[in-house]
Amino acid sequence: MRRFVPLAITFIVGTVLILSVFIPPAQDLNRTFTLYFDIIAVFAFFLGGGNLLRVHINKLRMKKRDWQFSIVTLSGFLIMLAAGLFKIGNPGDIATAVDAEGSMFQTVFNYVLNPLQSTMYSLLAFFVASASYRAFRAKNREATLLLIAAFIILLGRTPFGLMLTGWIPESFSILQVPNLAMWIMNSPNLAGQRAIIIGIGLGVISMSLRLILGVERSYLGDDNA
Amino acid sequence: MPNLGVIISLSVIFGGLAWLAYRSIKGYEIDRRVIFVFIGIAVSAPLLFPITFEEKATPIVERLFNRIDELPAGSRVLISFDFDPAMAPEVQPMANAISRHCLHKGHKVIFMSLWGTGQSLMTAALANDILPGFPEKKDGRDFVNIGYKAGNEGVLNIIVSDFRKMFPTDVNGVPLDSTEVFDGIESCKDLDLIVALGGGRPGPKEWVLFVGDPGNVPIGVGVAAVVAPQLYPYYPQQIIGILGGIKGAAEYESELIKRHERFADMPTPGLRMMGPQTLAHMVIMFFIIIGNVVFFMTGRKKVI
C-alpha cells in the first residue's frame with residue numbers, strides 16, 4: 001500500500017496532464033493542477049524555514065564545528081523574517097509592499113544582501129582570468145580551435161575588435177572580428193546548443209515515461225525502489 | 001582626448017604585461033596573485049578614470065529596440081525582473097534602459113518578478129532610477145508594479161491564461177481591476193510584448209516555453225553574458241531580440257541616446273562599464289598569449 005498509493009498518484013496525475021495538452025476541453029485541468037502545486041509549494045517555505053532553524057539550533061546547542069556561523073545565519077533569517085512579517089519601518093500602512101522604499105526589509109536588502117551577492121559574483125572575473133591563463137593552451141587540435149574561438153569572442157565583445165579589423169572591405173566583412181564573433185554564436189554555438197536542447201528533451205520524455213509507468217521508483221526512497 | 005589618469009592606467013597595465021611577457025619568454029611561470037592584481041587594476045582604473053567607447057547596436061539588439069520603438073503608444077508591455085544582485089550589474093542597466101524606453105513611448109508597462117530578490121531590485125530601480133525621469137507617469141494609469149509571486153514556471157503556466165488568479169492585486173494591494181493598465185487584459189495573451197530580464201531559472205527560457213509559445217506573445221530578452229549563447233536557438237522565431245551582458249546594455253543605451261533626444265543626459269551604466277570590461281578582456285587575452293608562450297618554452301618552471 002505504501003508503494004502503491006504514490007505510484008498511482010504519479011500515474012494518474014502524469015497521464016491527465018499529458019492528455020490535457022492534446023484534448024482542449026481538458027486544458028483547464030493543467031492550470032488547476034498547477035494551482036494545486038503552487039499551494040503545496042507554499043508549505044515548502046514553512047518546511048524550509050523550520051528545517052533551517054532546527055539544523056542551526058542543533059549546531060549551536062551541540063557546539064559543533066563552526067557553530068559561530070550559525071549565529072549569523074539565524075540572526076539574518078530572523079531579522080529579515082521579522083522585518084518582512086511586521087513591515088518594520090514601512091512608510092505606509094500594513095497594505096504597502098513589504099519592500100517599500102524606506103522599510104527595514106528594503107534597507108537591509110540594499111545595504112547588506114545586494115553588496116554581498118555582487119561581491120561574490122565579481123570575484124568570478126579574477127578566477128576566470130587565472131583559469132584562462134592555465135587552461136587555454138594549444139595542446140592539441142581541439143584545444144587550439146577552442147582557444148581561437150574564445151579569442152574571437154573575447155575580442156568581439158570589445159570595441160577593439162572593430163578597431164582592429166574595421167579596415168577590412170565590406171565585401172569581406174565576415175572577417176571583421178565582431179562579425180566573426182556573431183558567426184560563431186549563430187552557427188557552431190547554435191548547432192551545439194540545439195543538439196543539447198533536443199538531447200535534454202528526449203531525456204526528459206524518457207524519464208517522465210519511466211516515472212509515470214512506475215519503472216523509475218527512486219523518488220520513493222531506498223526502501224521502496 | 002584621454003585624460004592623464006587614463007594614460008597612466010593604460011601605461012601601468014600594458015607596461016606591466018609587457019614586463020610579464022618578457023619574464024615569461026625567459027621561462028618564468030606567472031603566479032595567480034599577479035594575475036589577480038592585473039585584473040584588479042584593469043577593472044578599477046577605468047572606473048576611477050572613465051574610458052568610454054562608441055557603441056553600435058548589433059542586429060540582435062536593434063531588433064528588440066525597433067519593436068519597442070515601433071509599437072503604438074498605449075501598447076501593453078510586461079517587463080519581468082527575474083534576477084538577483086549577483087546578476088544585477090549586467091542586467092540592471094538594460095532593465096533601466098528598456099523601462100525608460102517603454103515609458104517614453106507611452107506604452108502601458110507592467111513590472112513583475114519571478115525572483116524574490118528581483119522585486120526588491122525592481123522597487124529600488126523604479127524609485128531611484130526610472131520613475132524620477134517621468135514625473136508625468138501615474139501608477140495604475142501608465143504602469144503597474146505587480147511584484148513577485150512564488151511558484152516559478154507554475155506562475156507562468158497560470159498567467160498565460162488568467163492574470164488575476166495569480167496576481168489579484170498590485171504590490172500595494174490595489175486590485176488589478178481598478179487599474180487602467182489592466183483594462184482589457186485577461187492574460188499574457190493580451191500583451192503586445194514581454195521583456196524577460198534575467199539569466200537563471202525561472203528566466204527568459206521559461207517565459208518562451210510557458211508563455212511565448214503557447215500564448216503566441218512576442219518575447220524579447222536581456223540576460224547575463226554567460227547565458228546568452230543558450231538562447232540563440234530561440235532567435236529570431238521565438239525571441240525577437242537578445243541583449244547579452246554589459247555589451248548588450250551598452251548597445252541599447254547608445255541606440256536610445258542616438259534616437260531620442262530626451263535621453264541625451266541619462267545615466268549610462270552600460271556604456272560606462274564597457275571600459276572595465278574591455279580592459280579586463282584585453283588583459284585576459286594577453287595572459288592567454290603569455291600562457292601559450294610559457295607552454296611552448298622548454299620546461300623551466302620558476303615562479304615570479
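Colleague: Before we start, what should I keep in mind about the model and its numbering?
Modeller: This is a predicted model, in which local features need pLDDT of at least 70 and side-chain atom pairs count only at pLDDT 80 or more, while totals for chains, interfaces and linings use all residues. Residues are numbered from 1 along each chain as its sequence is written, and chains are lettered from A and ligands numbered from 1 in the order in which they are written.

Colleague: How many residues does each chain give to the contact between A and B?
Modeller: Chain A gives 45 residues and chain B gives 46, where two residues are in contact if their C-beta atoms, placed from the backbone, lie within 7 Å.

Colleague: And which element gives the most on the chain A side?
Modeller: That is α4(A), with 16 residues on the side of chain A that touches chain B; helices here are DSSP runs of H or I with at least four residues, strands are runs of E with at least two, and both are numbered from the N terminus.

Colleague: What is that side made of, by class?
Modeller: It has 24 nonpolar, 13 polar and 8 charged residues, with Ala, Val, Leu, Ile, Met, Phe, Trp, Tyr, Cys and Pro counted as nonpolar, Asp, Glu, Lys and Arg as charged, and the others, Gly among them, as polar.

Colleague: Changing topic, is B:Cys188 buried or exposed?
Modeller: B:Cys188 counts as buried, because it has 26 C-beta neighbours inside 10 Å; the cut-off for buried is 20 or more other C-beta atoms within 10 Å, against 12 or fewer for exposed and partly exposed in between, with C-beta atoms placed from the backbone.

Colleague: Where does B:Cys188 sit, and what does it touch?
Modeller: B:Cys188 lies in the loop between α7 (163–166) and β5 (193–198) of chain B, and, not counting residues up to four places away in sequence, its contacts include B:Ile159, B:Val160 and B:Ile194.
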